[in-house]
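My entries follow in the order I made them.

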Amino acid sequence: MRKRNIHIQLWLYEKEAAHLSKLVKRSGLTQSTYLRHLINGVVPQDAPPPDYYAMMGELRSVGAILDRIAQQAQTRGLLDTERYDQGVELLNRAILNIIDAVVMPRKRE
């Protein structure tokens, strides 16, 4: 049985409907879910770009590499600075890619 059993019909101007559709599409939510969020005082954020999750996976991989290097350095009492510097460079590039993909497009709008 459906938990939500109250149906509400809403009439909009074309411009309002187009604006709502644009916001819903950008959020990645359904129209009903989007409106329920608004009713509950939550303004839905834009969905991340399609490659966001791939970038986050890349960040996790680089973080794991840096963690292994740090563990080895602690165990052996020395640090492979060349490997560590390479890992830090990978991490910095990944962060810049995420900033370009996620933060910059929103500022252009």
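**Entry: A73.** I started with A73 and its contacts (heavy atoms within 4.5 Å). Leaving aside neighbours within four places in sequence, I found A73 in contact with L78 and L79. A73 lies in helix α3; helices here are DSSP runs of H or I with at least four residues, strands are runs of E with at least two, and both are numbered from the N terminus. Is A73 buried or exposed? A73 is buried, with a relative accessible area of 16%. For the cut-offs I noted that buried means under 20% relative accessible area, exposed over 50%, and partly exposed in between, with a 1.4 Å probe and protein chains only. I also looked up Y84, which is 11 residues from A73 in sequence and 9.9 Å from A73 in space, C-alpha to C-alpha.

**Entry: ground rules.** This is a predicted model, in which local features need pLDDT of at least 70 and side-chain atom pairs count only at pLDDT 80 or more, while totals for chains, interfaces and linings use all residues. Residues are numbered from 1 along each chain as its sequence is written, and side-chain values use heavy atoms, with hydrogens and water left out.

**Entry: helix α3.** I checked the length of α3, residues 52-76. The expected span is 1.5 Å times one less than the number of residues. For the 25 residues of α3 that gives 36 Å, and the end C-alpha atoms are 36 Å apart, which agrees. Which residues of α3 are buried? They are M55, L59, V62, L66, I69 and A73. An α-helix has 3.6 residues a turn, so residues three or four places apart point the same way. R76 also lies in α3, but R76 counts as exposed at 57% relative accessibility. I found R76 and L23 to be 53 residues apart in sequence and 54 Å apart in space, C-alpha to C-alpha. Just after α3, G77 takes a positive phi of about 80°.

**Entry: helix α1.** I repeated the length check on the 14 residues of α1 (residues 14-27), which should span 20 Å; the end C-alpha atoms are 20 Å apart, which agrees. The buried residues of α1 are L20, V24 and S27. Seen down the axis, these buried residues fall within an arc of 65°, taken from the directions from the helix axis to the C-beta atoms, so they line one face of α1. The face turned away from the buried side carries the exposed residues E14, K15 and K25. What covers the buried residues of α1 includes α2 (31-39). G28 follows α1 and has a positive phi, near 80°.

**Entry: L12.** L12 sits in the segment before α1. At 38% relative accessibility, L12 counts as partly exposed. Not counting residues up to four places away in sequence, L12 touches A17 and L20.

**Entry: D46.** I found D46 in the loop between α2 and α3. D46 is partly exposed, with a relative accessible area of 21%. D46 and Y34 are 12 residues apart in sequence and 11 Å apart in space, C-alpha to C-alpha.
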